[in-house]
Amino acid sequence: NCDWSSDVCSSDLFGQRVVQRLAEERIGWLTTVDSHRRPQPRPVWFYWDGDSFLVYSRADTAKIRHITANPQVSLHLDSDGLGGDIVVFTGRAEILNTAPPSEQHAAYVEKYAAGLKRINMTAAQFADAYHVAIRIYPHQLRGH
């Protein structure tokens with residue numbers, strides 16, 4: 001466990017592996033809390049900028065309602081399938097009303113080019129459908 005700072009946490013082998021995985025992984029699991037205080041995990045595409053996560057969403061979704069009511073979230077990466085390589089961030093999410101659309105975020109579009117092709121969408125179509133930006137600010141990292 002560590003209070004997250006990419007400078008502090010990336011100084012050991014675990015932190016270095018986390019930084020590499022954040023650059024390479026395509027799917028993260030965003031967990032929000034519903035009105036009954038139950039965790040609600042869902043897979044999301046994300047972009048890690050070194051300090052925070054950027055996620056795009058459709059407007060009328062449970063995750064947007066959950067974050068609006070309770071901004072405390074977690075975002076974790078898949079394990080290695082054997083109980084190892086665990087990466088879990090906890091932090092705070094914010095809905096960004098003035099963020100540029102995903103199609104204007106070149107690194108995001110590059111990261112998900114194959115995914116866009118797989119779901120038969122252009123970057124512009126994706127930006128139109130998933131036009132709500134969410135910024136996740138991590139506070140803690142745990143795993144092994």
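The structure is a predicted model, in which local features need pLDDT of at least 70 and side-chain atom pairs count only at pLDDT 80 or more, while totals for chains, interfaces and linings use all residues. Residues are numbered from 1 along each chain as its sequence is written, and side-chain values use heavy atoms, with hydrogens and water left out.

Valine 87 belongs to the pairing of strand 7 with strand 8, which run antiparallel and are joined by 10 bridges. Two strands are taken to pair if DSSP finds at least two bridges between them. Helices (H or I, at least four residues) and strands (E, at least two) are DSSP runs, numbered from the N terminus. On this basis the protein chain contains 6 helices and 8 strands, and their order along the sequence is β-α-α-β-β-β-β-α-β-β-α-α-α-β. The radius of gyration of the protein chain is 15 Å, close to the 15 Å that the globule rule gives for 144 residues, so the chain is as compact as a globular protein of that length. Here the radius is taken over C-alpha atoms, and the globule rule is 2.2 Å times the number of residues to the power 0.38. Along the principal axes, the C-alpha atoms fill a box of roughly 40 × 35 × 30 Å.

The strand pairings can be followed from one partner to the next. Strand 8 (residues 132-143) also pairs with strand 5 (residues 53-57), in the antiparallel sense and over 5 bridges; in this pairing serine 57 stands opposite valine 132. On the other hand, strand 7 (residues 87-96) pairs with strand 6 in the antiparallel sense over 6 bridges, and glycine 91 in strand 7 is the bridge partner of valine 73. Strand 6 (residues 72-77) in turn pairs with strand 2 (residues 28-33), again in the antiparallel sense, over 3 bridges. In that pairing, tryptophan 29 has histidine 76 as its bridge partner, and threonine 31 stands opposite serine 74. Strand 2 also pairs with strand 3 (residues 39-44), in the antiparallel sense over 6 bridges, with leucine 30 opposite arginine 42.

Serine 74 lies in strand 6 and, at 16% relative accessibility, counts as buried. Buried means under 20% relative accessible area and exposed over 50%, with partly exposed in between (1.4 Å probe, protein chains only). Not counting residues up to four places away in sequence, serine 74 touches Trp29, Leu30, Thr31, Phe89 and Thr90, where contact means heavy atoms within 4.5 Å. Leucine 141 is found in strand 8 and is buried, with a relative accessible area of 2%. From leucine 141 to glutamine 20 the separation is 121 residues in sequence and 15 Å in space, C-alpha to C-alpha.

Most residues other than glycine have a negative phi. Arginine 37, however, takes a positive phi near 65° in the hairpin of strand 2 and strand 3, which has 5 residues between the strands. Aspartate 85 is not a glycine either, yet has a positive phi of about 55°; its place is in the loop between strand 6 and strand 7. Asparagine 120 likewise has a positive phi, near 60°. This asparagine 120 sits in the loop between helix 5 (113-118) and helix 6 (123-129), and is exposed, with a relative accessible area of 68%.

Values for the whole chain complete the description. Of the 144 residues, 40% count as buried. Among contacts between residues at least 6 apart in sequence, 68% join residues at least 24 apart. The protein chain exposes about 8,100 Å², of which carbon and sulfur atoms supply 50%; accessible areas come from the Shrake-Rupley method with a 1.4 Å probe, and for residues only the protein chains shown count as cover. There are 15 positive and 16 negative side chains, and the centres of the two sets lie 7 Å apart. Lys and Arg count as positive and Asp and Glu as negative, whereas His and the chain ends are not counted; the place of a charge is taken as NZ of Lys, CZ of Arg, CG of Asp or CD of Glu.
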